[in-house]
Structures are given as C-alpha cells and as structure tokens.
Amino acid sequence: MTDPVTDPVSQRSQGRLILVGTPIGNLGDLTPRAIETLASADLVCCEDTRRTGRLLQHAGIRAAGLRVVNDHTEEAAVADIVARLGRGERVAVVSDAGMPGFSDPGERLVVAAVAAGFVVEVVPGPSAAISALVASGLPAGRFVFEGFLPRKGSGRTARLATLAPERRTVVLYEAPHRVARTLADLLVACGPDRRVVLARELTKLHEESWRGTLAEAIARVADVEPRGEYVLVLDGAPVPDDITDGEIEAALAEERALGASTRDAVAAVAVSLAVPKRRVYDLATA
Ligand code: SAM
C-alpha cells in the first residue's frame with residue numbers, strides 16, 4: 001500500500017479545489033455544507049478578506065487561511081494554488097456573493113486545477129441569475145445568460161444586436177447606475193413592447209421583481225437613480241410565425257433605398273423583424 005503522505009500520486013488525488021456558493025444578501029442562505037467546507041479547508045480564496053471575514057465570523061468559522069483572489073490577482077495566484085493542491089491541500093474558493101466563477105473570479109483556478117488533474121468540487125449556493133430567472137415569470141426552460149454587457153463601443157452595439165432576435169429569455173447583470181442606460185439601449189434594439197423584469201435586491205429587505213415593458217421600465221427608473229443590485233430578465237423575441245418572405249423583402253428594399261449595403265440591410269431587418277439573419281440573408285441574395 002502507498003503512503004498517502006509521501007506518495008505524490010496519492011497526494012495529487014487528495015488535493016481539491018472546492019467552489020463554495022455564498023449568500024447574495026440573506027446570510028441565512030449559507031448552507032451547512034458551505035460552513036463545514038470553509039471551516040475545514042486549508043485555504044479559503046476570496047475577493048475581499050474583510051467581506052469574507054464578516055461572513056466567516058457570522059458563521060463562527062476560524063478559517064485556516066485567507067487569500068485574496070480577485071479579478072486582478074487570480075492569474076498570478078494560479079501557480080501557487082496549483083502547488084498547494086499538489087501538496088494535498090483542500091482549497092476553497094468563494095466570491096463576495098453568489099457562485100464563484102460565475103461573473104466572478106474562480107474560472108481560471110478551475111481551468112488550471114482541471115488541467116493539472118486535480119478534483120474540482122462544488123458546494124452550490126444561490127446565484128442572482130437563477131434566482132431572478134425563476135422568480136421572473138418569464139420562460140425559464142431555456143435561457144441565455146449574458147452577464148454584464150460590454151460597457152460601450154462596437155462590442156456593446158454588436159452584443160445588443162445579437163440579443164434582440166434571441167428567442168430565449170435573456171438574463172443580464174447590471175450595476176445600479178447603469179440600469180437606465182442599458183434599458184434605453186435594449187429598447188432601441190428590441191422595441192418598446194418587449195417584456196422585462198427588474199429583479200432587485202433579491203433575498204434582502206427591499207427585494208422586488210418588477211414586471212413590465214421596456215418602455216414602462218425606462219419610465220420607472222427615469223426619475224430616481226436605481227439603488228441596490230439588479231438583474232434584468234428580458235423576454236425572448238416573439239416567434240415570427242406571421243412574418244412573411246414578402247414583408248422581409250419589403251423591409252430589405254426600404255433599407256436599400258436608404259443607402260444600406262446588403263450586409264447592413266440584412267442586419268437591420270433581422271433585428272427589426274426579429275427573424276434569423278440567415279433567413280433574411282437568403283432572401284436578400286436570392
Ligand atoms: N457570482 C454572482 C452570482 O452567482 O450571482 C454574481 C456576481 S456579479 C459580480 C454581481 C451582480 O450580480 C450584480 O451587479 C447584480 O447584477 C447581481 N446581483 C448580485 N446580488 C444580487 C441581489 N441580491 N439582487 C439582485 N442582483 C444581484
């Protein structure tokens with residue numbers, strides 16, 4: 001029998017990277033398994049030691065060690081964490097809130113741990129995206145998670161153009177001071193009548209899932225700067241059963257009359273009629 005302390009293969013099989021979900025607001029959502037994992041880990045990687053320190057204190061946990069792994073430090077931390085896994089350690093990863101590695105640091109550690117042959121475990125907890133989706137009342141069977149949209153420029157325009165004809169429900173994260181801007185851009189891309197849910201402060205005192213159209217949502221946030229954390233859940237594009245080839249051709253002719261190239265006309269019509277680009281392209285080049 002091999003000695004697990006000296007045999008490198010056994011040690012490698014013992015080293016574990018464990019992704020631990022933490023509350024998105026209500027501390028009561030920290031699971032018993034998360035508490036046990038954080039208490040027994042050799043190291044807890046976190047975005048912010050003060051914030052995670054408060055969570056650990058709340059749960060009565062004295063962590064063996066805390067290390068900052070955030071967007072700026074994750075890359076540099078990878079080699080050291082993999083070395084610790086190699087010594088057979090159990091390394092837990094948390095973010096400030098919700099699931100690590102999901103619009104949060106952690107993904108690079110997972111990729112490196114997998115590549116080096118270590119076990120990656122998950123202790124699931126809440127995530128703002130799934131919580132908002134299931135409470136939205138919009139179809140949740142198939143959905144697209146977009147995280148944060150690019151802040152500006154052609155990247156943002158291109159992403160909005162991709163989202164507009166998306167039939168599945170779209171889940172977006174947004175910082176409170178950018179909610180109004182993003183709703184305005186979504187209205188331009190998707191039209192005023194598209195349904196949206198503003199899921200705010202989930203699991204907290206002022207939790208709310210506001211439902212309406214994009215035009216109504218803009219009116220709602222116009223006067224008051226939105227406060228708290230938001231997830232935007234956007235209804236998918238209507239199924240264009242009733243849009244005929246003739247309508248698409250007429251829309252293409254209008255775009256061309258305004259001087260649009262075939263490429264631009266196809267893109268504009270696909271968005272405005274919420275039909276697949278391929279279908280518009282085939283008609284444009286027939
Ligand atoms: N990893 C996290 C998760 O699993 O939900 C997401 C982290 S991301 C950096 C933070 C974003 O999540 C916020 O900008 C907001 O869009 C959303 N969020 C986090 N907590 C929330 C809450 N309690 N209510 C609504 N949205 C929340």
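Which domains does the domain assignment of the chain give? What we have here is a predicted model, and the assignment gives domain 1 (8-126), domain 2 (129-234) and domain 3 (245-285). Between the C-alpha centres of domain 1 and domain 3 there are 49 Å.

Which residues of α4 are buried? They are Glu74, Ala77, Val78, Ile81, Arg84 and Leu85. As a general point, an α-helix has 3.6 residues a turn, so residues three or four places apart point the same way. After α4 comes Gly88, with a positive phi near 90°.

I now move to the sheet. Five strands form an open sheet in the order β6-β7-β10-β8-β9, and the pairing is mixed. Its edge strands, β6 (143-148) and β9 (208-213), each pair on one side only. On average, neighbouring strands of this sheet are turned by 20° against each other, direction ignored.

How do β8 and β9 pair, in the parallel or the antiparallel sense? Strand β8, residues 195-200, pairs with β9 in the antiparallel sense, over six bridges. Within this part of the sheet, Arg195 stands opposite Thr213 in β9.

Finally, I would draw your attention to helix α8, residues 179-190. This helix lies across β7 (169-174), β8 and β10 (230-234), and runs at about 10° to β10. Thank you for your attention.

Key:
Residues are numbered from 1 along each chain as its sequence is written. This is a predicted model: local features need pLDDT of at least 70, side-chain atom pairs count only at pLDDT 80 or more; totals for chains, interfaces and linings use all residues. Side-chain values use heavy atoms; hydrogens and water are left out. Buried means under 20% relative accessible area, exposed over 50%, partly exposed in between (1.4 Å probe, protein chains only). Helices (H or I, at least four residues) and strands (E, at least two) are DSSP runs, numbered from the N terminus. Two strands pair if DSSP finds at least two bridges between them. Axes are lines fitted to C-alpha atoms, for helices over the stretch in contact, and angles run from 0 to 180 degrees between N-to-C directions. Contact means heavy atoms within 4.5 Å. Domain bounds come from an automatic or database domain assignment.
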